[in-house]
Amino acid sequence: MLKSLRTFIQIHKRIKQHATVFSIVIVVMLFGLFLEAYMHDFNLVYITLFFVFSFAFSAGPLGVLNLGHLKATFVPSGRFFAGQEGNILVEVTNISTTPSWSVTLHAKGSSIELAQLKGESRATLSLPFTPTKRGIFQYAECYLESKYPLSTARLTLAIEDIYRGIAYPEPNGKSLETFLNETETHYGEEKEFDGLRVYDGSQKLSHIHWASVAKGELLVKTFTKEMQTADLVFDFYKAGSDDEARLSQLCLWVLACEKKHLPFSVKLPKVQLGSHKESIDEILTTLATY
Amino acid sequence: MRFSLPSLPTKLDDLVLLDLAYIVVLLPLILMLKVPMILFSIIVLSLLYFKRTPAGNGLILFVFILGVLSVYLSMYGAFSFRGLSRLKLFLELLVYVLLVVVAMQRLTRKINFYLLISPFLFLALSLFFYHSIVMLTYVIFEVFFLLWMILTHRMQSDLVESFRSAMVMFMYSLPWVVVLFIFFPRISFEHANYGFKGETVQRMGHDGTMYLDNKALLVPSNRIVMEVGFEKQVPPSHYLYFRGSILYIDKKDHWEPIPPFVKRKNHVSYKKDGIKIAYKVTLYPTQKRWIYLLDIPQSPVKESVLDRDLISTVKHFIKEPIHYTARSTLNSKFYDKVDRYTLKVSSRFDPKQNPKTYEEALKIKNLYVSKKERAKAIVTFFHTKSLTYTLKPEPLDINHTTDSFLFDKKRGYCVHFASSFTTMARMAGIPARIVTGYKGDSSNALNNYLAVKEKDAHAWVELYMNEHWVRYETTSTASHIEINTVGSENEQTNSPTQSPLAKKINLYLMYAKYQVETWILYYSNIRQKQLLQYAKNNPRFIFIFVISLIALLIITFLIITYLKRPRYSSEALSILQPLLRSLKKKGFVRKKDESLHQYFMRYIEDNQEKKDLRIHIKEIDKIYELIVYRNLYTKELVQRLKKLIKEFHKI
């Protein structure tokens, strides 16, 4: 019993209570019922009044217990890129044997409804988040909210955990394909006809497929490289006009290489990174923190 | 059952929840709706049923006009601006207006704040109109139902889950309600009417006059006039005379009291010898001013005045139930030094009106000197006349009522006996008067409780002898009692159609009703004080009270624990819980995303040396798999699983 009381007090300290419009309704109702009861000593009204009072009174602890048994932590949530929406994952665990009801996760203007969380279970929620710029960021000020049971109070439980993440530069610029086309001679020789694709202005004129032009379509021939160079080298200075554009370009190429499993290296002013030495995330982190 | 059944379609739309709430709160109010409003409600319900899309402005305007018309027709003739001061009429108008407004909003199919709070307004309004045990039960149900609906909406869950939560909350609240109800300070002074006037409710029964003509044929009803709680057992019937009024003047067809303009000496100190008794009375609205006290009252109660004839009255008509504690001395005679006027009116008679009776009375008067002997002779005379007690007497000759009753019809009830006896006593030289009131029927008593009904209205006679008024129960002079008498007047008759068991059950129900009404419906400042006073003087009572409160807390706690038990997806999983708890207690915690099978296997691996345990857990795992994943649900398997889990604890 004492243990339960201690637990309740601990939980109660963690939870904040805020008034709602229904808090006012309850107060008005209690006042109105009292006037009615006082009028003629209506015991039926007194009974209703006491029930309403007791419900409002017991709603507090019930609401606290409903929310207090929840624990929310951030979990690794994938990559974030500046200017692009990502998802921060929050894992909400109910450590009690009884379900929690009507719970909502709130964070920086967005909210996700959890509705019911069964006893001794967990749920993972995705919070949409768009980093405004590259670099290390922190995500905090999240809280769980519930109006259970009567909407007479809005209970909030702050998530003490802070999400520390890194936003990589926004992948932007020329595609890897364009880069390869521009630097074709240096990085391989065309050997086998591979197929046709739409001409986008960057291909050689000699690759134009004239037969398709005759049919009214502007297609170009693509060829597989006979041999690929051991390493693609992305030079920081050649990647764009300013630092941010360069970092965005490099980020785009790194991701494309990761997708195509191409080995590469990035030449930064003071350091050279290589996919055979560093992991992609390490390379991206270097770009993010440049 | 601790596992959930396959999900039933019990999730309801918010609008449906609100409709259900409205149905429940409007049910008692329907009983007071006038026909136009009922028709209006039916039309609105039909529109809601047939039109499943939000109503347009045209339809809402139509409903508004219809509503206003219905309100007008319902209140037609009963309402003026002065009528606003009549509380119930004003409240009735409020109910109608609210009904129209709610109907208009409901047709839009949009839930707004006003639509959400209106069920509570209807509930509060209905409490003005009803005040009975049925309503008490219904109010508790209403409160619970509204809580259930709110929780269903808040939890967005099925009705079963929200019902469990509502029950938990209700149980949490119950002890608080009980404690608050008992101890919340009640108002001792007059209650506010907020400028409204009271309502008029007419009741029958005893009144200030006594008719001998056809009006006397009215049979009083079974309605309870007052309920009396004695400190100990209810005294025997021959003590249960509740004084109402004293009638002195014979007006041929009826008897009247001394007119109020006649000034008589008041406040006479009476010597009161006999059994002293205290009792509590709940007197229901009579629309009269009499306070009924047992013969002989010791002192006035509350704000009443006890006159020289020991008649207790209050200044205003009794329009609300009143509760009072009174003290009386149970005796059939009391000393009184009457004034000349009273003596004169108590001796007045007209010999020409009842010559036959007069002749007989003179014989008695000449034969006996003492008034006591004369009275005895009159009683004997009545016995010799073979009078029949009946509630269906033939009409008497109004110009010669006593002669007609004693010598011709010979059939009557208390009124006729009392009237004739008084007349004859006066003729025999004994001052006499009629007392009307109620005579408690011991068959309506249980332990210390006595219900006094309208049919218990009674009349008896007081003769003035040796400076004492002596009570005479004149109906006891009847030689016959008509068995098929409808509704007994007092203890003389019992309804032959009712079996003793049914009568006993009825009495117990009435007793229960009385207790509920006394301690719940009409619990007041006085009752509260009485309770506290009683508690002060009785430590045993405090002990019982505290024990009862603890018992209530334990019961609610047990119910809450039962309701809060977690529900599992299958019966097998529910059966497994003691085992899982036991393993967890031993420090063997299930990992995140670990299946039960994996969990059991890990346990087996960790306990290789314990062969018995391994075999046991393996079998449990196997049976669980058969039941849950291979759908081989059989009673035998379930029993086996239960048995294995029991055995596991013993290993």
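Helices (H or I, at least four residues) and strands (E, at least two) are DSSP runs, numbered from the N terminus. The model is predicted: local features need pLDDT of at least 70, side-chain atom pairs count only at pLDDT 80 or more, and totals for chains, interfaces and linings use all residues. Residues are numbered from 1 along each chain as its sequence is written, while chains are lettered from A and ligands numbered from 1 in the order in which they are written.

**Figure 1. Overview of chain B.** Chain B holds 19 helices and 20 strands. Of its 651 residues, 31% are buried (20 or more other C-beta atoms, placed from the backbone, within 10 Å of the residue's own; exposed means 12 or fewer, and partly exposed lies in between).

**Figure 2. The contact of chain B with chain A.** Chain B contributes 38 residues and chain A 35 residues, where two residues are in contact if their C-beta atoms, placed from the backbone, lie within 7 Å. On the side of chain B that touches chain A, helices H5 (113–129), H6 (133–155), H7 (159–183) and H13 (500–521) of chain B each supply at least two residues. H6(B) gives the most, with nine residues. This side of chain B divides into 27 nonpolar, eight polar and three charged residues; Ala, Val, Leu, Ile, Met, Phe, Trp, Tyr, Cys and Pro count as nonpolar, Asp, Glu, Lys and Arg as charged, and the others, Gly among them, as polar.

Figure 3. H10(B) (residues 371–384) has 14 residues. Its buried residues are B:Arg374, B:Ala375, B:Ile378 and B:Phe382. They lie on the same side of H10(B) because they cover an arc of only 100° around the axis, the arc being that of the directions from the helix axis to the C-beta atoms. B:Glu373, B:Thr380 and B:Thr384 are exposed on the other side of H10(B). Helix H9 (355–367), helix H12 (414–427) and strand S18 (457–465) of chain B pack against the buried residues of H10(B). Just after H10(B), B:Ser386 takes a positive phi of about 50°.

**Figure 4. An open sheet in chain B.** Five strands, in the order S11-S6-S2-S17-S16 (chain B), form the sheet with antiparallel pairing; two strands pair if DSSP finds at least two bridges between them. Strands S11 (322–330) and S16 (445–446) of chain B stand at the edges, each with a single partner strand, so one side of each is left without a neighbour in the sheet. S16(B) is joined to strand S17 (residues 449–453) of chain B by two bridges, and B:Leu446 stands opposite B:Tyr449 in S17(B).

Terms used
The expected span of a helix is 1.5 Å times one less than its number of residues.
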